[in-house]
There are 2 protein chains.
Amino acid sequence: MTITNDLFKKLTFFSEPEFKGELLQHGQLLSFNKGDVIVRDGQYVKFLPIVLKGAIRVFQQSEDREILLYYVRAEETCTISLAAAYFNNKSTSHGVVTEPTEVLIFPASLIEQWQLKYPSWNRYVMQMFRTRYDQLISSFQGVAFEHIDVRVLEYLKNTAHNEGSKSVCLSHQQLAAELGTTRVVVSRILKEYERKKKIKLFRGRIELL
Amino acid sequence: MTITNDLFKKLTFFSEPEFKGELLQHGQLLSFNKGDVIVRDGQYVKFLPIVLKGAIRVFQQSEDREILLYYVRAEETCTISLAAAYFNNKSTSHGVVTEPTEVLIFPASLIEQWQLKYPSWNRYVMQMFRTRYDQLISSFQGVAFEHIDVRVLEYLKNTAHNEGSKSVCLSHQQLAAELGTTRVVVSRILKEYERKKKIKLFRGRIELL
DNA sequence: ACAGAACGGTATCAAATGATACACAACCAA
DNA sequence: TTGGTTGTGTATCATTTGATACCGTTCTGT
């Protein structure tokens, strides 16, 4: 896609014509495939990405497990990159592309000056921080207070709802990675929920009843 | 304390004289005592507080347990209040004063317009979001991946270090509340650490060796 | 067509954490 | 001084989650 007004059909958040001009001037379009690593833990962030299409999965990793932080979808940016870029610090998590993805990137040095010049950009930044913070608080609360079986069901319901579907397509291994537990625990819990007639299990897919 | 230039001896972050004037004009000084509730979960935030002196403990609560999010100390604000206030939403956690505290509050409606007018305020807001974000990410990682005994020791070391002391003054019950576990688990773990000569236990106080 | 990889389910055992109870010591307010 | 409260430590048991292993089925790449 050429970097033209098509861009602003995908980025409806920004309103100032001059700002759009600067985005065109300083921005660079990149395409990624599933599996590409966008952000690495411990890495400096020089450019801020805004997703135009597709998704980036942002997560934390320990020696033998990982856990989902959030997904960056169309019109969103990665707040950890934003926070890191703003103060020229390192990222504190990983970001991997989960489906074909198009991204607009621009130098991180522009973040602050744009905040002072363009209210819609400032509002966007605050909105991103706010949304992620709420998501993170919610996840934190789940991990701290809820049993893993409850979290499994909540995840399935939320994901199905967000996709406007009754099914969720992912393996037990993937679900375990999202929630920071092991594949065997997930298989055990899902089988129990199937016995209780809350879900129906297929290979690579889980249907909510 | 009268709201004069004394204020800016405690708020060194802001540099624009005009901004200082607006803080004096719109700000209001309040004092609180230990135990006072500043923020309630589910409550709208109309005013943003900046702590001048003292501390506010911000935490989440479930039916029978709670867990620390962060402490708001001098020159800091509560990011959850900030996020809630900015978009006129409800707070997602509780804030309670832990020692005699002085706070400057001003209407939340001023946050955004000040961001556009005063770079030091904008930088402050971003800094607050960034700091809290990092803290939350770190706490999340601990809860998700680390055993409770490791988290106990980390908490004690961090707290002692932040206070420039070798001791931490708090009960087992309070430590349990900070970490989202039970008093019995904490007593058991601390006793074991004492046996391993990593700490020394006193009533209401824990000394690091 | 076939070998290897991936997925799912179950079994068994261990470790970690939570629940409940109780006893004792230290502290504090009257 | 004293009674009540708070704090601490231990015991016992239950539940939850993790580790390891194994087996059978399905899928995929050559």
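Chain B and chain A meet in a contact that takes 40 residues from chain B and 40 residues from chain A. The model is predicted. Between them the two chains bury about 4000 Å². Of that area, 68% is on carbon and sulfur atoms.

Polar links cross the interface too. The count is 11 residue pairs in polar contact between chain B and chain A, both residues at pLDDT 80 or more. Two salt bridges are found across the interface of chain B and chain A. One of them joins the side chains of Arg123(A) and Glu112(B), at 2.9 Å from N to O.

Which elements of chain B supply at least two residues each to the side that touches chain A? Two are strands, β3 (47-61) and β4 (66-72). The others are the helices α3 (79-86), α4 (110-117) and α5 (119-145). Of these, α5(B) gives the most, with 19 residues. By residue type, the side of chain B that touches chain A divides into 21 nonpolar, 11 polar and eight charged.

Now to the aromatic residues. Over all chains the count comes to 30 aromatic pairs. A pair of aromatic rings is described by the distance of the centres and the angle of the planes.

Take Phe13(A) and Tyr124(A). Their rings form an edge-to-face pair, 5.3 Å centre to centre, with 75 degrees between the planes. Phe13(A) lies in the loop between α1 (7-10) and α2 (17-26) of chain A, and Tyr124(A) lies in helix α5 (residues 119-145) of chain A, so the pair ties together parts that are 111 residues apart in sequence. Are these two residues buried or exposed? Phe13(A) is partly exposed, with a relative accessible area of 32%. Tyr124(A) counts as buried, because its relative accessibility is 1% and the cut-off for buried is under 20%.

Phe19(B) sits in helix α2 (residues 17-26) of chain B and Trp121(B) in helix α5 of chain B, so the pair ties together parts that are 102 residues apart in sequence. Both Phe19(B) and Trp121(B) are buried.

Back in chain A, Phe13(A) and Tyr124(A) belong to one aromatic cluster. The cluster also includes Phe14(A), Phe19(A), Phe106(A), Trp114(A), Tyr118(A) and Trp121(A).

Terms used. Residues numbered from 1 in each chain as written. Chains lettered and ligands numbered in written order. Predicted model: local features only at pLDDT ≥ 70, side-chain atom pairs only at ≥ 80, totals over all residues. Heavy atoms only, no water. Contact = heavy atoms within 4.5 Å. Buried area = accessible area lost by both parts, 1.4 Å probe. Salt bridge = Lys/Arg side-chain N within 4 Å of Asp/Glu carboxyl O. Polar contact = N/O pair within 3.5 Å; in protein donor to acceptor, adjacent residues only side chain to side chain. Helix = DSSP H or I, 4+ residues; strand = E, 2+ residues; numbered from the N terminus. Nonpolar A, V, L, I, M, F, W, Y, C, P; charged D, E, K, R; others polar. Phe/Tyr/Trp six-rings, centres within 6.5 Å; stacked < 30°, edge-to-face > 60°. Buried < 20%, exposed > 50% of the residue type's maximum accessible area, 1.4 Å probe, protein only.
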